[in-house]
Amino acid sequence: MAVLWLTPNYLYSIGGAGLLTRWDFDKNRSIESFRLSNQSLRSIDYNPTRKEIAIGASDNSIYLIDEPSFEIKQVKQAAHDNSVFTVKY
């Protein structure tokens with residue numbers, strides 16, 4: 001099951017395969033995706049001020065993604081002792 005998050009320009013989905021996918025509204029299709037983890041991605045939130053996406057994963061990490069460039073800004077490894085089921089700005 002994928003979790004979806006809406007930003008002003010795109011829709012993002014995450015799921016059990018460890019992939020983050022960016023979807024374009026106008027084209028009504030996925031634009032790009034990449035694997036953040038070899039384990040499930042569990043939670044997602046967006047900070048419009050920082051234009052940043054936070055993603056919690058089953059590998060106990062939190063990934064911070066620069067929304068405009070769709071690049072990893074930071075990985076907080078071992079952020080929790082277990083899967084990160086909730087992230088919230």
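Biologist: Which residues is Ser61 in contact with, leaving aside its neighbours within four places in sequence?

Modeller: Contact means heavy atoms within 4.5 Å. By that test Ser61 touches Ile55, Gly56, Val75, Lys76, Gln77, Ala78 and Val84, with neighbours within four places in sequence left out. This is a predicted model, in which local features need pLDDT of at least 70 and side-chain atom pairs count only at pLDDT 80 or more, while totals for chains, interfaces and linings use all residues. Residues are numbered from 1 along each chain as its sequence is written, and side-chain values use heavy atoms, with hydrogens and water left out.

Biologist: Where is Ser61 found, and is Ser61 buried or exposed?

Modeller: First the scale: buried means under 20% relative accessible area, exposed over 50%, and partly exposed in between (1.4 Å probe, protein chains only). Ser61 has a relative accessible area of 4%, so it is buried. Its place is the loop between E6 and E7. The C-alpha atoms of Ser61 and Val87 are separated by 11 Å, and the two residues are 26 apart along the chain.

Biologist: How many helices and strands are in the chain?

Modeller: Both are DSSP runs, numbered from the N terminus: helices are H or I with at least four residues, strands are E with at least two. The chain has 0 helices and 8 strands. Read from the N terminus, the order is β-β-β-β-β-β-β-β. The radius of gyration of the chain is 12 Å, close to the 12 Å that the globule rule gives for 89 residues, so the chain is as compact as a globular protein of that length. That radius is taken over C-alpha atoms, and the rule is 2.2 Å times the number of residues to the power 0.38. Along its principal axes, the C-alpha trace spans about 40 × 25 × 20 Å.

Biologist: How many aromatic pairs does a search of the whole structure find?

Modeller: Rings of Phe, Tyr and Trp (its six-membered ring) pair if their centres lie within 6.5 Å; planes under 30 degrees apart count as stacked, over 60 as edge-to-face and the rest as tilted. The search finds 3 aromatic pairs. In one of them, Tyr10 and Tyr12 have ring centres 6.3 Å apart and planes at 70°, so the pair is edge-to-face. Phe34 and Phe70 have ring centres 5.0 Å apart and planes at 75°, so this pair is edge-to-face. Phe34 lies in strand E4 (residues 29-35) and Phe70 in the loop between strand E7 (62-66) and strand E8 (71-76), so the pair ties together parts 36 residues apart in sequence. Ring pairs link Tyr10, Tyr12, Phe34 and Phe70 into a cluster.

Biologist: Where is Thr21 found, and which residues is Thr21 in contact with?

Modeller: Thr21 is found in strand E3 (residues 19-24). Thr21 counts as buried, at 12% relative accessibility. Beyond its neighbours within four places in sequence, Thr21 contacts Leu11, Tyr12, Ser13, Ser30, Glu32, Ser33 and Phe70.

Biologist: What is the phi of Lys51, and what is the phi of Ala78?

Modeller: Most residues other than glycine have a negative phi. Lys51 has a positive phi of about 50° although it is not a glycine. Lys51 sits in the loop between strand E5 (41-47) and strand E6 (52-57), and is partly exposed at 45% relative accessibility. Phi of Ala78 is near 55°, again a positive value in a residue other than glycine. Ala78 lies in the segment after E8 and counts as exposed at 66%.

Biologist: Which residues is Asp66 in contact with?

Modeller: Lys51, Glu71 and Lys73, leaving aside neighbours within four places in sequence. Asp66 is in strand E7 and is partly exposed at 21%.
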